[in-house]
Amino acid sequence: MKRQSRTAMWLSILCMGLGQLYNRQKAKGVLFLAIWAGLIYLTATYVSKSLQGLITLGETPTGMVKVGRLYQLVEGDHSIFLMIKGLIGLFVLLLFIGIYVMNVRDAYTNGQRIERGVPTVGIIRGLKSIENNSFPYFVLLLPAISISFLTVMPIVFNILLAFTNYADPVLPPANLVDWVGFKNFSNLVTLSSWSKTFFGVLGWTVVWAILATITTYFGGMLVAVMIEQPGIRFKKFWRMVLIIPFAIPNLVSLLVMRNLFNGQLGPINIFLRNKLGLEGLPWLTDPVWAKITVILVNMWIGIPVSMILISGILTTIPRDLYEAAEVDGASSVQKFRHITLPMVLFSTAPILIMQFAGNINNFNVIFLLTNGDPVNPQYQYAGHTDLLVTWLYKLTLNHQQYNLSAVIGIIIFIIIASISIYNFRKTRSFKEEDMIV
Amino acid sequence: MKPKIIVSYLILIVLAAISIYPALWIVMSSFKVGNSLYMESLIPKQVTLEHYRDLFTKTDYPLWFMNTLKIAIMSSLIGTLLVLLTSYAISRFRFTGRKVALSTLLVLQMFPGFMAMIAIYILLLQFNLLNNHWALILVYSSGSILGNVFIAKGYFDTIPRSLDEAARIDGASHWMVFTRIMVPLARPMLTYVSLMIFTGAFVDFIFAELILRTEEQRTLAVGLWRMVSQRQSTEFTLFAAGAVLIAVPITILFMFLQRYLVQGLTAGASKG
C-alpha cells in the first residue's frame, strides 16, 4: 500500500482532483476538478491576455486612421493600463499556483492516511481544522490585502518602470511605452548630462548623511552628559526645555526656519547687520552656506532626540564604575572617554546606523528648508542641496521622468538595504527575537 | 560652585535660548501688526489678533483644517486596526509563513517610503482619480503598518503567554482571547500608535502635495507650504498665525507622549 500517496500525488499533479478521486474522496475530487476547469479557462483567457499585454505593453498606438474619406482619432493601447492589468494577472497566476500546490499536498497527505489506515480528511473536517489553525491567517487577511495593493504592487510597478522608456516625450495615451532593459541605468552613469547630476547629488547625499548623523549624535551626547552632571540642578527642567524643537512638528519648524534664515529680512541677518555691524550671510542662497544651514537646522531638530535617548542610557550605567575610576584618580575627561563613551556607543550603535540610513532619505529637512536650491546650472533638474530623494521627487512631479526616478528609487533601496542588512548581522536581534517569548 | 558647573549652566542657558527662540519668534510674529517678515524687536509694540481672524475669514484655512482632521482621524482609526491585527498575529502565533511575513515587512521598510507613493500617484493620474482624500487615508493607514508594527509586536511580546493559554483552556475561542483579553491589555500601545499615525497624517506634506490638486481639497500642510513658498514676504504674519495653530496641539501631544519616545526608539532599533 506504500504506493497510494505517491500515485495520488502524481495524479493530482497531472490534473487537479484526480488524486482525490483515487483516494476515494468523491465530493472533494469533483470539487477540485471543477476548480481545475475554472482555472484552466481563466488562465487561457484572462491571465494569458493580461500577461501578453505586460510583455508587449501595447501594439497599436493612438493615431489618426482613415475611415472612409475622413481621418478619425482611434484610441490605441494604453501601455500603463496594460502594465497594471499584467501585474494583476501575475498576482492571479501566483494565486492559482498556490491553489494547485495545496491540491497536490492534500492528495499526498490523504494518500498517506490511507496507507496508515486512518480515515481521510473530508471537506467539512478540513474546513473545521482551518478554522482552528488558521486564526492568524484570518487576522492577517486585511493587513495583507492592504499591503499587497498599496505597498507591494506599487513598488513592483515602480521597479518595472525603471526598465521602460516612460518619460517626458513618451507619455501614454499618445505614445506607446516600450521595455528598454538596463538602458536607463547605463544612461544615468554614462550620459554626461545625467551622470554629472547623479554623482554630484549622490556625493552630497553621502556627505550630508554622515555629517547630519554625527553632529546630532555627538551633540545630543554632549548635552545629555552635561545635564546628567552631579552638580547640575533642575535636570527635568533642562530636559523639558531642550526637547521643545523635537516636539514642534517638523513641517512647521522647517518653514519657520526658512523665514528665520531669510537673506534680506530674516531676524538672524537683521541681528548681524544692526547689532554687530556685519554684512549678513547668504544663508540659503549661496551653495556652500546653504549646505551649512541645512546641517545647522538639522542639528536643531535632531539633537533633542539623541539627547533623550542617551540620557536614558546614561542612567543605566552602573555608578560603581565611576566610583572605582575616581578612586583610581581618573579625571572627568578620562571617565567620559573610557566609561561613558564606550557604554553609550555600545548600546546605541544600531540606532546610530539606522539614523544614518534615515538621513539618506531625509526628505523634509531639505525640501521644506531649501527646496534643493540654490539651483545648480550644471545639474539636470537639481540644485546644490538636493538629496537623491528630493531629486527623485522633482523628477516625477515636475519633469515626468518616471523611468529615471524609478532607477534612483532602486539605487536608494540598494544603499538602505545593504546598511540595514549589515546592521542585522551585527546586532543579531532578528535571529534572537524568538528567545524573548 | 565649581567653574565647570558655571560654564555648563551658561551653555545650557544658551542652548535653551536657541531651542525656544524660533517658537517664540513665530508666536510673536503672529500677534504683530502689519504683514512683513521684518521685526524691530522680539516683543511687538502693538498686539493684534487680526491675523487669526483673517485666517478664518479670508483664507480657506477652516476648510483645510476640516480636511486634515478628517484624513488624520480616518487614517488613525484604520491604521491602528491594521497595526493591531498584524502585530498580534506575528507576535502570538507561530504559523507557516511567519518568517516570510516578518522578512517581507523588513524588506518593504527599506524601500524609500514614497516609492510606493509615487507609483500610486502615477496610477491615480492615469486613472484620473487624483485629488481624492481617500487615496491619502488608505495610503497613510496602510503605510502605518510598516512604521509601527515592530513597536506593537514588541509590546505584545511582553504580555505573558500564560494569560491566553489559560483562557484557551477555559474554552475561550481565539477571537474571544483577542477581543476580551489582548485588546484591553494593549490599550496603552494602541493609544501611542494611533496618536503617532494621527500626527503623521496631520502634518504629512509629501503625499498630500502629490495627490491634492485644488484649493478646497488641500490639507493644512500643503496650504501652509504654499503660503510660504508663494507669498513669502507679503503675508508672512498670516503664515505665522497658521503655523502656531497647527503647532500648538501637536506640540502638546508630543510633550505628553515623551515618555513613550525612548521605548519607541529602542524598539525601532531591535528590528533595525
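Q: How many bridges join β1(A) to strand β2 of chain A?
A: In this predicted model, β1 covers residues 63-67 of chain A and β2 covers residues 70-74. The two strands run antiparallel, and V65(A) stands opposite Q72(A) in β2(A). The number of bridges that join β1(A) to β2(A) is five.

Q: Which residue in the turn between β1(A) and β2(A) has a positive phi?
A: β1(A) and β2(A) form a hairpin, with two residues between them. One residue in the turn has a phi of about 65°. That residue is G68(A).

Q: What is the count of buried residues in strand β1 of chain A?
A: A residue is buried if 20 or more other C-beta atoms lie within 10 Å of its own. Strand β1 of chain A has five residues and is hardly covered. The count of buried residues in β1(A) is zero.

Q: How many residues does domain 2 of chain A give to the contact with domain 1 of chain A?
A: Chain A is divided into domain 1, residues 3-181, and domain 2, residues 185-436. Taken over C-alpha atoms, the centres of these domains are separated by 45 Å. Domain 1 of chain A gives ten residues to the contact, of which six are nonpolar, three polar and one charged. From domain 2 of chain A, the contact takes ten residues.

Q: Why is chain B described as more spread out than a compact globule?
A: Chain B has twelve helices and zero strands, and its C-alpha atoms fill a box of roughly 75 × 70 × 30 Å along the principal axes. For 272 residues the globule rule gives 19 Å. Chain B counts as more spread out because its radius of gyration is well over that value, at 23 Å.

Q: What percentage of contacts in chain B between residues at least 6 apart in sequence join residues at least 24 apart?
A: Two residues are in contact if their C-beta atoms lie within 7 Å. Among contacts in chain B, those counted here are between residues at least 6 apart in sequence. The part that joins residues at least 24 apart is 75%.

Q: Which element gives the most residues to the side of chain B that touches chain A?
A: In the contact between the chains, 68 residues of chain B meet 72 residues of chain A. By class, the chain B side has 52 nonpolar, 13 polar and three charged residues. Elements that give two or more residues to this side include α1, α3 and α12 of chain B. The element that gives the most, with 14 residues, is α12(B).

Technical notes:
Residues are numbered from 1 along each chain as its sequence is written. Chains are lettered from A and ligands numbered from 1 in the order in which they are written. This is a predicted model: local features need pLDDT of at least 70, side-chain atom pairs count only at pLDDT 80 or more; totals for chains, interfaces and linings use all residues. Helices (H or I, at least four residues) and strands (E, at least two) are DSSP runs, numbered from the N terminus. Ala, Val, Leu, Ile, Met, Phe, Trp, Tyr, Cys and Pro count as nonpolar, Asp, Glu, Lys and Arg as charged, and the others, Gly among them, as polar. The radius of gyration is taken over C-alpha atoms; the globule rule is 2.2 Å times the number of residues to the power 0.38. Domain bounds come from an automatic or database domain assignment. A residue is buried if 20 or more other C-beta atoms lie within 10 Å of its own, exposed if 12 or fewer, and partly exposed in between; C-beta atoms are placed from the backbone. Two strands pair if DSSP finds at least two bridges between them.
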